[in-house]
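Here's a quick briefing for anyone meeting this protein for the first time. Have a look at the model, then read on.

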Amino acid sequence: MYRDPSCGCCEAWAAHMRHGEKHEVETVDHPDMASVKTEHGVPDDLRSCHTMIADGYVIEGHVPSADVERLLAERPEWVQGLAVAGMPLGSPGMEAGGRTQPYQVIAFGNGRREIFASYP
């Protein structure tokens with residue numbers, strides 16, 4: 001997982017991914033996150049604070065671990081990655097005392113996008 005060294009929520013999201021020791025997450029502090037996102041094809045409007053590469057897929061932002069697991073199990077051919085744009089309250093790593101904002105997990109790739117999951 002590439003992260004800006006000054007961002008705290010990235011470590012909270014990594015802890016969410018590690019919960020129950022299901023996933024190993026190595027964090028890499030990177031001074032130029034925009035270049036990481038560009039290199040891995042993350043659309044500008046889907047960008048968030050951290051970018052993870054998981055078994056060849058790009059995971060951008062506060063994507064719930066269940067959605068990452070589903071992606072890795074289903075492996076849709078056209079999907080390059082999943083993204084949660086921005087930093088919505090209540091998403092993994094962005095817990096805020098019970099406050100939540102609705103958000104969607106977007107599958108993207110090959111010029112295509114689909115809603116992968118919705119959280120009210």
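Helices (H or I, at least four residues) and strands (E, at least two) are DSSP runs, numbered from the N terminus. With that naming, Met94 sits in the loop between β5 (81–83) and β6. Keep in mind that this is a predicted model.

- Start with α1, which covers residues 9–18 and has Cys9, Cys10, Trp13, Ala14 and Met17 buried. Those residues share one side of α1, because they cover an arc of only 145° around the axis.
- What do the buried residues of α1 pack against? Their partners are β1 (2–3), β3, β4 (57–60) and α3.
- After α1 comes Gly20, and its phi is positive, near 75°.
- Over in α3, the buried residues are Ser65, Asp67, Val68 and Leu71. Here too they end up on the same side of the helix, since the arc they cover around the axis is only 160°.
- The buried residues of α3 have α1, β4, β5, β6 and β7 to pack against.
- Just past the end of α3, Arg75 has a positive phi of about 50°.

**The nonpolar cores**

- The largest nonpolar core has 26 residues, and the ones touching the most other members are Met1, Met52, Ile59, Val63, Leu71, Leu82 and Val105.
- Which elements each supply at least two residues of this core? They are α1, β3, β4, α3, β6 (103–109) and β7 (112–119). The top contributor is α1, with five residues.
- Another core, of six residues, lies apart from that one, and Val58, Ala83, Ile106 and Phe108 are among its members.
- Ile59 is worth a click: leaving aside neighbours within four places in sequence, it's in contact with Trp13, His50, Thr51, Met52, Ala54, Val68, Leu71 and Leu82.

**The largest pocket**

- How much space lies in the largest pocket? It comes to about 170 Å³.
- To find the largest pocket, look for its lining: Met1, Tyr2, Met17, His23, Glu24, Val25, Glu26, Met52, Ile53, Ala54, Val68 and Leu72.
- By type, the lining splits into nine nonpolar residues, one polar and two charged.
- Both β3 (50–54) and α3 (65–74) supply at least two lining residues each. Of the elements, β3 gives the most, with three residues.

- Is Met94 buried or exposed? Its relative accessible area is 15%, and buried means under 20%, so Met94 counts as buried.
- Not counting residues up to four places away in sequence, Met94 touches Cys9, His62, Met87, Pro88 and Leu89.
- From Met94 to Ile59 it's 35 residues in sequence and 16 Å in space, C-alpha to C-alpha.
- Glu114 belongs to strand β7. With a relative accessible area of 35%, Glu114 is partly exposed.
- Again skipping residues up to four places away in sequence, Glu114 touches Trp78, Val105, Ile106 and Ala107.
- Glu114 and Gln104 are 10 residues apart along the chain, and their C-alpha atoms are separated by 9.9 Å.

Key: Residues numbered from 1 in each chain as written. Predicted model: local features only at pLDDT ≥ 70, side-chain atom pairs only at ≥ 80, totals over all residues. Heavy atoms only, no water. 1 Å grid on protein atoms, 1.4 Å probe; cavity = no way out; pocket = protein on both sides within 12 Å on 5 of 7 lines; lining within 4 Å. Points joined across faces, edges and corners; volume = space filled by probe spheres on them. Nonpolar A, V, L, I, M, F, W, Y, C, P; charged D, E, K, R; others polar. Buried < 20%, exposed > 50% of the residue type's maximum accessible area, 1.4 Å probe, protein only. Arc of directions from axis to C-beta. Contact = heavy atoms within 4.5 Å. Core = buried A, V, L, I, M, F, W, Y, C linked by side-chain atoms within 4.5 Å.
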